[in-house]
Amino acid sequence: MIVISAKNLTKEYYGSNVILDGVSFHINKGDRVGIIGINGAGKTTLLKMLTGELDAEEGDCFTSADLRIGYLKQDSGFDSQKTVIEEVNAIFEHFPEMEEEMHQLLDKGDCNSLERYEQIRERYERMGGYQYQSEIRGILSSMAFDESMYNKKISSLSGGEKTRLALAVLLLEKPDILMLDEPTNHLDIGTLKWLEQYLKSYKGTMIIVSHDRYFLNETVTRIFEIENRKLNIYEGNYNFYAVERRNRREAELRKYEKQQKEVERQKEIIRRFKEHGTEHLTKRAASREKWLEHQEMLERPDGDHKKMKIAFHQNFQSGNDVLFAEDLSKSFGYGLNRVELFRGVSIDIKRGERVCIVGDNGIGKTTLIKMLMGELVAATGRIKVGHNVQFGYYDQGQLLLNDSYTVIEELQDAYHLYSEGELRNILGRFLFRGEDVFKEVGSLSGGERARLSLLKLMMSGANTLILDEPTNHLDIESKEIFEEALLDFPGTCIIVSHDRYFLNRIPTRIMELTSQGMVNYLGRYDYYVEKKQELIHSAKQYVAGLSKNNAKADRGDESNFANLSPAEQRKIQKEKEAEERRLKRKKEALEAEISRLESEIGEIEAEMCKPAVMSNHQKLAELAEGLDFRKVELDKNYEEWLELQG
């Protein structure tokens, strides 16, 4: 069943800038479509045309009228003084109304009322009334909203939090057609994996605009590529597209080159005919010229599409030991507002390594790399930078750029020995051409700012690149060019990233930052996932084994125990006693931590009630942040304590 169809769609801006030209396709019920293309190709424009938000200059677009469309925009669109939970509950406002009606009917108690009650109850159950509250908690939790955030005003959320909330709301609404524009922005690896699993079981139709190649591989079965104002369709996931696209390009190039060779051959024949000057040969030359004029000439593949050209080089080589760190820790705030990010972090990085750092959002990855560069001071531990190490830093927010400069002024300020002509040539390699070099940096798109930051990094000649989420604003093509440049770079790379496709190509090892230290995995992303699962499985088996042995001992399995030698009996008894002591110490530690947290929560709440504090919004916000953190920690400790009780 076709749910969306488009025929000869054409869209242009300002009367001459054609974005889409004669695009046609259809989408069937249950299709999972990924839309890809370079920045500015028209991906978001196409989504807005499908939703009716934009009109086409030419062509027709049909969407089934009886199907509900859910659209996640890059801008979440929230402009509300509601709280997080109020925004979510608004989706299910019909359930409380039904519940109230059922209560009233039960109170009446007559036959007609009870019959009406049963009808409503069946509809309530069928619509999911008995599980919607747990579904809300589950999806909000998966989108990194714990209960301490439920009463936060939406106006106080960060851009990333608003995007995650918009996605949570959309998933709870369960539309028939799900349209997602860059849904993986602001999600860490754990949340990405959850979202992939959720979408795999989603029963509706999905259309996803994304630059996340790993995510596309896991979630879509068709690829729509927008290139040179046209739409190319590939019936498979991203890996299929990558192979098939290369095959198509090679076939198109062979066809183009064959035609060009034939054209040159015909031109040479025409030239020779004309040289002889006879009437007969002149007519034949004219005939061939006419034939050439009527040929449909093929365009060279990617002929009108310029690619970024990037190559990192180092001005000089560093020593073999690049970075060594031992027992690093970092915390923020003081007293009741003190929050520890991590402790016990040790690092040893050698020349030529490409190390990728992963970890949960908020664990302190950016903080750690700033500590390694000397921009932040560690609370404990020491850092040693090796001989001749020169850092080049890419910050994910491009905050090192001066928004008031033009593009060319940004380079002139950093590299004043270059002439304007030389800088314009270099900028051209990064797709800043013509008047683009005079754009103000503050007016650039995310992708343009990323390219400018990478250009400055390339020109630095640093031998140790420290990159914080470098692929966030790059389109797929730019990512691939950037990755090739990193693979060819002879120096050292330390990279924070959650781009799993990138993590499967670039690192020589992965380091996972946790609150308790750094864990090394000597491979790329798939290896990291496999080894991490093995560690988790081994830990579960170990715990299960202990539980099994303890259960046997508790049941007094005398027949087996009696058959053991005295030495074996003593060994089992000692293991049991040691495990009991360990559990006891763990419980006591948890109880002490719970008591401390409860005491601090009480102190903070009392502090927040003081008139002087209540009128100081900045102080109140600081205390609220510390309070939220401790409540989350308290819940975790209670859960762990209850598990030990069981």
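Q: Which residue of β9 stands opposite Glu227?
A: In this predicted model, Glu227 stands opposite Lys230 of β9, and the strands β8 and β9 run antiparallel, joined by 5 bridges.

Q: What makes β8 and β9 count as paired strands?
A: Two strands are said to pair if at least two bridges are found between them, and β8 and β9 are joined by 5 bridges, so they meet the condition and count as a pair.

Q: Why is Asn228 called partly exposed?
A: Asn228, which is found in the loop between β8 (222-227) and β9 (230-234), has a relative accessibility of 29%. A residue is buried under 20% and exposed over 50%, so the value of Asn228 lies in between and the residue counts as partly exposed.

Q: How do you know which are the edge strands in the open sheet of 3 strands?
A: This sheet has the order β11-β10-β13 with antiparallel pairing, and β11 (339-350) and β13 (380-385) each pair on one side only, which identifies them as its edge strands. On average, neighbouring strands of this sheet are turned by 15° against each other when direction is ignored.

Q: How many bridges pair β10 with β11, and in which sense?
A: The two strands pair over 8 bridges in the antiparallel sense, and Leu328 stands opposite Val345 of β11.

Q: Which strands of this sheet does α11 touch?
A: Helix α11 packs on the sheet and touches β10, β11 and β13, while its direction makes about 130° with that of β10.

Q: Why is α11 said to be largely enclosed by the rest of the structure?
A: Helix α11 (residues 365-372) has 8 residues, of which 6 are buried, so the helix is largely enclosed by the rest of the structure. The buried residues are Lys365, Thr367, Leu368, Ile369, Met371 and Leu372, and α11 is followed by Gly374, whose phi is positive, near 90°.

Q: Why is Asp327 called partly exposed?
A: Asp327 is found in strand β10 (residues 321-332) and has a relative accessible area of 42%. Buried would require a value under 20% and exposed a value over 50%, so Asp327 falls in between and is called partly exposed. Phi of Asp327 is near 55°, a positive value in a residue other than glycine.

Q: How do you know whether α3 and α4 are roughly parallel or roughly antiparallel to each other?
A: The axes of helix α3 (residues 94-108) and helix α4 (residues 111-126) come within 9 Å and cross at roughly 155°. Angles over 145 degrees count as roughly antiparallel, and therefore α3 and α4 are described in that way. The crossing in which α3 passes α4 is left-handed.

Q: Which residues of α3 meet which residues of α4?
A: In α3 they are Phe95, Met98, Glu99, Glu101, Met102, Leu105, Leu106 and Lys108, and in α4 they are Ser113, Leu114, Arg116, Tyr117, Ile120, Arg121, Arg123 and Tyr124. The residues of this contact divide into 9 nonpolar, 1 polar and 6 charged.

Q: What makes Gly109 a partly exposed residue?
A: Gly109 has its place in the loop between α3 and α4, and its relative accessible area is 39%. The C-alpha atoms of Gly109 and Glu469, which are 360 residues apart along the chain, are separated by 63 Å.

Q: How many helices and strands does the protein have?
A: The protein has 21 helices and 18 strands, and buried residues make up 42% of its 646 residues.

Technical notes:
Residues numbered from 1 in each chain as written. Predicted model: local features only at pLDDT ≥ 70, side-chain atom pairs only at ≥ 80, totals over all residues. Heavy atoms only, no water. Buried < 20%, exposed > 50% of the residue type's maximum accessible area, 1.4 Å probe, protein only. Helix = DSSP H or I, 4+ residues; strand = E, 2+ residues; numbered from the N terminus. Axes fitted to C-alpha atoms, helices over the stretch in contact; angles between N-to-C directions. Parallel < 35°, antiparallel > 145°, perpendicular 65-115°, else oblique. Left-handed = near helix turned anticlockwise from the far one by under 90°. Contact = heavy atoms within 4.5 Å. Nonpolar A, V, L, I, M, F, W, Y, C, P; charged D, E, K, R; others polar.
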